[in-house]
Amino acid sequence: MKVAVVGGGPAGLYFALLMKKADPRHHVVVLERNAPDDTFGWGVVFSDQTLGNFAAADEPTFRAITEHFARWDDIDIHVRGSVITSGGHGFAGIERKMLLAILQRRAQELGAELRFRTEVRDGDLAPHGLADADLVVAADGVNSAFRRLGAERFQPTLDVRTARYVWLGTTRRFDAFTFAFVANAHGVFQAHAYRFDERHSAFIVECDERSWRAAGFDRLDIDGAVAAAETMFAPWLDGHPLIANVPPHQRAEPWLRFTIVRNARWYDGNVVLIGDAAHTAHFSIGSGTKLAMEDAISLARRLNEARPDVALATYQDERMTEALRLQNAARNSMTWFENVRRYIHLEPEQFAYSLLTRSQRVSHENLRLRDRPYLEGVERWFASKAAESGRAVAVPADADRAPPPMFTPFRLRGLSLQNRVVVSPMDMYCAEDGTPNDFHLVHLGARALGGAGLVITEMTCVSPEGRITPGCTGMYAEVHAEAWRRITRMVHQWSGARICLQLGHSGRKGSTKLMWIGMDEPLDEGNWPVMAPSPIPYKPGMQVPREMTADDLRRVCDEFVAATRMAIAAEFDMLELHCAHGYLLSSFITPLSNSRTDAYGGSLENRLRYPLEVFAAMRRIWPADRPMSVRISAHDWVDGGITDADAVEVARAFKAAGADIIHVSAGQTTDDARPVYGRMFQTPFSDRIRNEALVPTIAVGNITESDQVNSILTAGRADLCALARPHLSDPQWTLRAAAEQGFAGQPWPPQYLTGRDQLIRNLARTRAQ
């Protein structure tokens, strides 16, 4: 093949040498606009896993790179006068200029033609004798001209972020990957520092835009920025200077904003994107160069296995999946640093743990594998904080191990929970005229016996017309309170769990079929009229609700109050108001279903008015020693709807009204929603609300493993974790998790102790294999 590679960075050079290695007959030309020894930036970071890929691809290149590595295992986090160290992370750094020199030499050894100071203008290869190239590899970076020229086919998405950063160097040699945080009157600033050779370290200074402007950095050229950063980070520089290495055109405005690059397609005809032209990953996880060079490995391999059209399609499929995985992790990490002022109030131990687990690639148990003493220290700290708050018994200093975070107790007002696991509310749709029956007794009782600290009922409706389906439970008749009392007494007598009643009204989503017959489909017969803030149906084919009048508002509020009195009589420990998922109160909050022009519509403050009135009326009669929670949809997943920034204000309003904890869900407010699903996909909303509104939260949404629960809690992303589907398939999920983690402090029903012992023995045998 005749191949033109546009761009002489790591991706282009590595691809060129791998193509020539695979088949010397290939004619490979690399066109690079800079001189061979020009490079901007400082060091490049690789993980141990990446190194294995390099060794398999080209051993001489791997050997040359590793001979110049600076290696470290530790991460040091400096925050609020403390230094937290976590080991076992296995990174290596190399000077970017050295990496390019190694790749240049190896490419030339293998016969690739390298042309420096060669500008390709507007994608025209004819002046360079390459108009007839069989393949054009666009390795021309984040500002790729080839991507721009082929935008209609590549369909790029460029997300320019708001945080500012400047990439500097220093002669201060850091022995660990170092994160240093400065909080002052201007804002919060952080340095990412790591050694990449025997004499130098990279030193990236980053901050949010508000801090950047408040500190006056927006008015400084590169010399001023260096001087200001030296002063700010003097305690960590130890008298060493910061050094700038930026292109001439950036000297006047040296601060950059990171751009996330994605493309719907990576090739078109004979042009293929590689490296930053195809994708970018934020520097805080150190995977940009890794991704680029692994692109090169994949593309070269595929081109030498199949004809070009098949090879390009296979390359795209193979690398797009990996890039998306790393980009998701990088986005999580980037978002954490963009919003670091959200976390700066956390105690250093929790702040550091939150940083280490920010990308979701490193979990609680993964940290144990990397550095057991560090993690056990964090667990001891977490348990001690629970003890200080009166929520747990202090862990003796000489105890072998603190309890896993999920098994530390938690307290809300006068309610004490034995652990942090919550059985999420799940509609069962099998009540008769609103009355819970034997199914509910067994369903909820089994999960209480299964060890969860808190069991939340399904949405229990405050009136017949407030039901979603004819099978929904209710709390609007004395028979309902009696039936619920049978369940609460069973839970209290036979388990250590506490039970919470969730109250709600279906609003415009009412009068529909049972979920497994036809979710959100009107009944074939016997429909009852529905109401909502505005006459807007949830989706086509559903009833158009009537707009609620002042009388409707008063009557429904009275129904919530009456249901609250019944909840007291039914002996519930906690009450939750359902303001999520597009039901009545949620429909007031989101502008997608509230177009009122009175005091209950318009601004977010107005749209919150009625839900807050209902909550306040319930809180007034609910016993003062019993907590109340509110479930909200923190994002509508559609343009023009509620965002997570709005959700913080919603949480603040309910906190001010007396809510003790916010149950953070998302979506289901409109049929047009397009959620972004994934592991723990709603936890970031809980994280933001907890740490900005400073209110306890319950995280929910595709939380399936105890490792995830421990990570969420320890990082301060939530105070409790609610699991739904895992409890459907395993009512004893919590008991099993305790056994799997070797935690003997979780109470088991005495009737189940022989099962516990067998489970522990079987787990021990499995670990020994």
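Colleague: Why does V137 count as buried?
Modeller: This is a predicted model, and in it V137 has 0% relative accessibility. Buried means under 20%. V137 therefore counts as buried.

Colleague: Where is V137 found, and what is it in contact with?
Modeller: V137 is found in strand 9, residues 135-138. Leaving aside neighbours within four places in sequence, its contacts are V3, A4, V5, V6, F15, V272, I274 and L299. The C-alpha atoms of V137 and A296 are separated by 9.9 Å. Along the chain, V137 and A296 are 159 residues apart.

Colleague: Why are helix 1 and helix 10 called roughly parallel?
Modeller: Helix 1 (residues 10-22) and helix 10 (residues 288-303) pack at an angle of about 30°. Angles under 35 degrees count as roughly parallel. The two helices are therefore roughly parallel to each other. Their axes lie 8 Å apart, and the crossing is right-handed.

Colleague: Which residues meet there?
Modeller: From helix 1 come P10, A11, Y14, F15, L18 and M19. From helix 10 come T289, A292, M293, A296, I297, L299, A300 and L303. The residues of this contact divide into 13 nonpolar, 1 polar and no charged.

Colleague: Why is helix 23 called largely enclosed?
Modeller: Count its residues: 9 of the 9 are buried, so the helix is largely enclosed by the rest of the structure. Among the buried ones are S706, D707 and Q708. Just after helix 23, G716 takes a positive phi of about 75°.

Colleague: How do you know that strand 28 pairs with strand 29?
Modeller: At least two bridges are needed. Strand 28 (residues 661-665) and strand 29 have 3, and they run parallel. One partner pair is V664 with A699 in strand 29.

Colleague: Which way do the residues of strand 29 point?
Modeller: T697 and A699 point one way, I698 and V700 the other way, and all are buried. In a regular strand, side chains alternate between the two faces of the sheet.

Notes. Residues are numbered from 1 along each chain as its sequence is written. This is a predicted model: local features need pLDDT of at least 70, side-chain atom pairs count only at pLDDT 80 or more; totals for chains, interfaces and linings use all residues. Side-chain values use heavy atoms; hydrogens and water are left out. Axes are lines fitted to C-alpha atoms, for helices over the stretch in contact, and angles run from 0 to 180 degrees between N-to-C directions. Helices (H or I, at least four residues) and strands (E, at least two) are DSSP runs, numbered from the N terminus. Angles under 35 degrees count as roughly parallel, over 145 as roughly antiparallel, 65 to 115 as roughly perpendicular and the rest as oblique. A crossing is left-handed if the near helix is turned anticlockwise from the far one by less than a right angle, and right-handed if clockwise. Contact means heavy atoms within 4.5 Å. Ala, Val, Leu, Ile, Met, Phe, Trp, Tyr, Cys and Pro count as nonpolar, Asp, Glu, Lys and Arg as charged, and the others, Gly among them, as polar. Buried means under 20% relative accessible area, exposed over 50%, partly exposed in between (1.4 Å probe, protein chains only).
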